[in-house]
Amino acid sequence: MIKHYTGIIEHYRGRLPVSLSTPVVSLGEGNTPLIELKNLPSLLQFDARILVKFEGLNPTGSFKDRGMTMAVTKALEAGSKAIICASTGNTSASAAAYAARAGIISFVLIPEGKIAFGKLSQAMMHGAVVIQIRGNFDDGMRLVQEVARDVPVTIVNSINPYRLQGQKTAAFEIIEELGDAPDFHALPVGNAGNITAHWIGYSEAAGLPTATAPADMPVSDKRVFSSRRPMMLGYQAAGSAPFMRGKMVENPDTVATAIRIGHPMSWNQAWIVREESSGWFGERTDEEILYVQKLLARHEGIFCEPASAASVAGVLRDITEGRIPPGATIVCTLTGHGLKDPDTAIAQSSRPVSVDASRDAIEAVIISNMS
Ligand SMILES: *Cc1c(COP(=O)(O)O)cnc(C)c1O
């Protein structure tokens, strides 16, 4: 009998801080495909096995759903009537959807004019109270923390520790599919919550300690199912790369709006991840990020959003430069779906051809494209 899949909390119950009476709020998140790149290795002539974990196939189109199912579930359990977040877009889309599911109110703060259209449409459609601020994500994050001291709203940004607990389940899924941890795991880094969450997951699975794991969230199910942990690689956009500069960035700018963050919330944790995993941070220009986004779409059939492509862009460069050894198995997280940001996609694609509605005209187009 095939069991109906009902999301990460039910699937990894023993590894998450929930009890049998916890009111689970789920949209069936998780269980996303791990797709091996098939055409790019020969096209670009490199010797490595790259698999992409396509988190854009979560219910609202990004990995944020893994964290949001936990954060909203725990907010509901605690009797909260409203949630709030600052967002570059995907957190707001996810918060709005899970709040709708839970029957509570969501307030989302977004930087005016700097959020991809798909994400904005989601927050609006799910009935969030959308507050556009004349400021950037970092301003929004600061305001959310100030406001939550005065009014009874639960913050569901990744400073909410339940978010990382939910997000760590992506590492479990990868281990279950590969039979062990990969050699390397690459992610785009904004607030650095996701890279921290993956490291917590990999560490739990390997039964190894990490200073990033919260002490107050013991897991009851400690079955070891991996023999090791991967080296963690965090990639940023060049115009928004505080981990490369070694300090906060005041006016971050990049086409990859999901990682347009100058003051990462998980700053200390991410440095610990780098240290404990012997990994590294890297940066790529907007041009390189968009080029790789297009490569994935054209040659692999995988449409991710610009920020997501930073992971693959980083890995391709580090393979070329020999930092990643030949034959390595690398997992890259594709954090969000390309449909989130149609404007950026259309801006870098060739225009559709316009012809008369005639057989001759269409055959002419076909012939010219096949010769
Ligand atoms: C949130 C987000 C990121 C950044 O994740 P952090 O946990 O903030 O480092 C990257 N890509 C996409 C698509 C996102 O939505």
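Let's start with Leu109, which stands opposite Ile131 in strand 5. Strands here are DSSP runs of E with at least two residues, numbered from the N terminus. This is a predicted model, where local features need pLDDT of at least 70 and side-chain atom pairs count only at pLDDT 80 or more, while totals for chains, interfaces and linings use all residues. Residues are numbered from 1 along each chain as its sequence is written, and side-chain values use heavy atoms, with hydrogens and water left out.

Strand 4, residues 105-111, runs parallel to strand 5 and is joined to it by five bridges; two strands pair if DSSP finds at least two bridges between them. The open sheet has four strands in the order 5-4-3-6, with parallel pairing. Strand 5 (129-133) and strand 6 (154-155) are at the edges with a single partner strand each, so one side of each has no neighbour in the sheet.

Now, on to the ligand.

For polar contacts, meaning pairs of N or O atoms within 3.5 Å, a polar side-chain atom of Lys64 lies 2.6 Å from a ligand oxygen atom. A backbone N or O atom of Gly190 lies 2.8 Å from an oxygen atom of the ligand, and a backbone N or O atom of Asn191 also lies 2.8 Å from a ligand oxygen atom.

Definitions and conventions. A polar contact is a pair of N or O atoms within 3.5 Å; within protein, one must be able to donate a hydrogen and the other to accept it, and residues adjacent in sequence count only if both atoms are side-chain atoms.
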